[in-house]
Amino acid sequence: MTTNGNAPQTAEELLNAVGPAFSKLRRTSLLEVENPISAKDLSRTLVLNIVLGHTRDSDKEITVGAVAEILGVDPSVASRMVSDNIKAGYLIRAASQQDGRRTVLLLSPEGAELMARFRRHQRDAFDYITADWNEHDRLEFARLMLKYVDSLAQLKDRGLAVDAKGA
């Protein structure tokens, strides 16, 4: 918690402050650290991260429709986002190896480099933001954040919808 007079005092206030904190975290993700990511490329990483996450296993494939479903957007919106990534050279459309009638998405080498740079940017931002935290708090926050994200994935796997559009 912060040391200002507006810091949540009760458990209820603390828990109610989490949602706005996530929104603020998203808005400040362009933090000026070394080699910052442009706002345009930051939005592109939403799609690239999905493609990367769903194609790590060589037998997994992802389509524009799946991107739309994961992002919770209309297929036409996802199609525009994917097309923007293709025009920027970050994604490639390819024929499915499982069903030749389908078109799937793959990261290009440039897309893989952008994601590597984005991961470095995220780590640099975390290190910068938590520089005055003690090591235990930094690692505990990282552990709990990963646990939180794993819980989100488990909810989705069980078919429960989680609406993240307001974040």
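Predicted model: local features only at pLDDT ≥ 70, side-chain atom pairs only at ≥ 80, totals over all residues.
Student: Noted. Where is the place of Ile62?

Tutor: Ile62 sits in the loop between H3 and H4.

Student: And is Ile62 buried or exposed?

Tutor: Ile62 counts as buried because its relative accessibility is 2%, and the cut-off for buried is under 20%.

Student: How far is Ile62 from Ser96 in space?

Tutor: The C-alpha atoms of Ile62 and Ser96 are 9.0 Å apart, while the two residues are 34 residues apart in sequence.

Student: Let me zoom out for a second. How many helices and strands does the protein have?

Tutor: There are seven helices and two strands. Along the sequence they follow the pattern α-α-α-α-α-β-β-α-α.

Student: What share of the residues is buried?

Tutor: Of the 167 residues in the protein, 21% are buried. The accessible surface comes to about 11600 Å², and 56% of that belongs to carbon and sulfur atoms.

Student: Good, back to the helices. At what angle do H3 and H4 pack?

Tutor: Helix H3, residues 39–54, packs against H4 at an angle of about 110 degrees, and their axes are 10 Å apart. The two helices are therefore roughly perpendicular to each other. As for handedness, H3 passes H4 in a right-handed crossing.

Student: Which residues meet there?

Tutor: From H3 you have Leu46, Val47, Ile50 and His54, and they meet Val67, Ile70 and Leu71 in H4. By class, that contact of H3 with H4 has six nonpolar residues, one polar and no charged.

Student: Next pair, then. How do H4 and H5 pack?

Tutor: H4 (residues 64–71) and H5 (residues 75–87) pack at about 115 degrees, with their axes 8 Å apart. That angle makes H4 roughly perpendicular to H5. The crossing of H4 past H5 is right-handed.

Student: Who makes the contact?

Tutor: On the H4 side, Val64, Val67, Ala68 and Leu71 take part, and on the H5 side Pro75, Ala78, Ser79, Met81 and Val82. The contact of H4 with H5 counts eight nonpolar residues, one polar and no charged.

Student: Pick out Ala78 for me. Is Ala78 buried or exposed?

Tutor: Ala78 is buried, with 0% relative accessibility. Beyond its neighbours up to four places away in sequence, Ala78 touches Val64, Val67, Ala68 and Val73. Ala78 and Gly65 are 13 residues apart in sequence, with 7.5 Å between their C-alpha atoms.

Student: And Pro75, buried or exposed?

Tutor: Pro75 is exposed, with a relative accessible area of 51%. Pro75 belongs to helix H5. Leaving aside neighbours within four places in sequence, Pro75 is in contact with Val64 and Ala68. From Pro75 to Gly65 the C-alpha distance is 6.0 Å, and they are ten residues apart in sequence.

Student: That leaves H3 with H5. At roughly what angle do they cross?

Tutor: H3 and H5 cross at roughly 110 degrees, and their axes come within 10 Å. That makes H3 roughly perpendicular to H5. H3 passes H5 in a left-handed crossing.

Student: What's in that contact?

Tutor: Lys40, Arg44, Leu46, Val47 and Leu48 of H3 and Met81, Val82, Asp84 and Asn85 of H5 make the contact. The classes there are five nonpolar, one polar and three charged residues.

Student: Last one, on the strands. Where is the place of Leu107, and what is Leu107 in contact with?

Tutor: Leu107 is in strand E2, residues 103–107. Apart from neighbours within four places in sequence, Leu107 is in contact with Leu48, Val51, Leu52, Tyr90, Leu91, Ile92, Ala112 and Met115. Tyr90 is 17 residues from Leu107 in sequence, and their C-alpha atoms are 6.0 Å apart.

Notes:
Residues numbered from 1 in each chain as written. Heavy atoms only, no water. Axes fitted to C-alpha atoms, helices over the stretch in contact; angles between N-to-C directions. Helix = DSSP H or I, 4+ residues; strand = E, 2+ residues; numbered from the N terminus. Parallel < 35°, antiparallel > 145°, perpendicular 65-115°, else oblique. Left-handed = near helix turned anticlockwise from the far one by under 90°. Contact = heavy atoms within 4.5 Å. Nonpolar A, V, L, I, M, F, W, Y, C, P; charged D, E, K, R; others polar. Buried < 20%, exposed > 50% of the residue type's maximum accessible area, 1.4 Å probe, protein only. Areas by Shrake-Rupley, 256 points an atom, 1.4 Å probe, with all protein chains shown as cover.
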